[in-house]
Amino acid sequence: MTAPSSTPLGLADNYGRVATDLRVSLTDRCNLRCTYCMPEEGLDWLAKPELLTDDEIVRLVSIAVTHLGVDEIRFTGGEPLLRRGLVGIVARTTQLQPRPQVSLTTNGIGLSRQAEALREAGLDRVNVSLDTIRRDTFQELTRRDRLQDVLDGLAAAHKAGLAPVKVNAVLMRGMNDDQAPDLLQFCLDHDYELRFIEQMPLDAQHGWSRDTMITADEILERLADRFDLQPTDAASRGSAPAESFTVRGGPATVGIIASVTRPFCGDCDRVRLTADGQVRDCLFARTESDLRTALRAGADDEDLADRWRRAMRGKLPGHGIADPAFLQPARPMSAIGG
Ligand code: SAM
Ligand code: SF4
């Protein structure tokens, strides 16, 4: 392996942004069917030969860290806890030098059984998706009766020291948009850090509509019914997608990721690798760069790093959701890795 690269050899695009935060999708499969993400019947899953093997994933992650200046790795999916080799992949990733920050975005089902092993493998943090604490709403929203599994997973992550435990929530009009204050109170009571994510046009069914999505302004309005929120120092936000607010004078905070109504593309430092080895420079990109073919054809690390650098140059300045000509990417969120 060659020496670590400096930032100029990192994942820079033509607008001066440098990607240092890699999101790796470990599978496109999932055991929930969140209405804003997947249709009830699921999707045509990627076939096994198309998926990167554990070794291939670790190889590409290692190139990102040692050649391309990536210092943060987030494993996601689909549902990453469904990937059998997850603990091993995490362990090998946390042994890389320089040591990246390693986190996981999960729906929490099965986390109660894996949290301790993941912690021992070196995992730093988890984000658990939870949109409601009401069993009936959970069932309506995810089409599965699994709320208790998620709550158990959250508790286990907290106990294992995967701190701070973050909770991601999407509000859907007429389903759970009246429950934002209850969810925040629950997270405050349990020492979880809540972040609301605006619904984005990334569902496989193409059911998103600007007219029905719940905006950041509306989320703040609903929370203000019960909580005194104050914006935290904007300078501390950096490239973080969430705008942060202190709750009742702090120290607890709540975040809002307003990708649609308050886009933050100008500060984006993210890049994505799909479970079948495609680099995506943006969630909303309509093109991808294939690393798997070169990898399987025997390309060396330097060649793969070069391909990855080239893949980033064409990153567009913004996602263009507000543009009347906007088209959703062919891949849904669950196959990209959120
Ligand atoms: N299955 C895992 C989970 O749910 O956390 C990881 C993958 S999921 C695609 C990652 C995140 O994307 C979750 O927090 C989920 O709520 C969010 N998400 C999925 N579809 C979305 C959409 N259309 N708009 C906004 N967020 C979405
Ligand atoms: Fe599965 Fe996550 Fe999509 Fe829900 S948001 S269906 S848990 S991939």
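1. Helices (labelled H or I, at least four residues) and strands (labelled E, at least two) are DSSP runs, numbered from the N terminus. This is a predicted model, in which local features need pLDDT of at least 70, side-chain atom pairs count only at pLDDT 80 or more, and totals for chains, interfaces and linings use all residues. Residues are numbered from 1 along each chain as its sequence is written.

2. His 206 lies in the loop between strand E8 (193-197) and helix H7 (216-224). Its phi is positive, near 55°, although the residue is not a glycine. With a relative accessible area of 48%, His 206 is partly exposed (buried means under 20%, exposed over 50%, partly exposed in between; 1.4 Å probe, protein chains only).

3. Arg 143, also not a glycine, has a positive phi of about 60°. It is found in the loop between helix H4 (135-142) and H5, and is partly exposed at 24% relative accessibility. Most residues other than glycine have a negative phi, and most peptide bonds are trans.

4. Two peptide bonds are cis: Gln 97 to Pro 98, with omega about -5°, and Ala 163 to Pro 164, with omega near -5°. Pro 98 belongs to the loop between helix H2 (86-94) and strand E5 (101-106). Pro 164 belongs to the loop between helix H5 (147-159) and strand E7 (166-170).

5. An unreviewed UniProt entry lists Cys 265, Cys 268 and Cys 282 under "binding site" (positions follow the numbering used here, feature names are shortened, and annotations may be inferred rather than shown by experiment). These residues span 18 residues in sequence, yet no two of their C-alpha atoms are more than 9.2 Å apart, so they gather at one spot.

Note on methods. Chains lettered and ligands numbered in written order. Heavy atoms only, no water.
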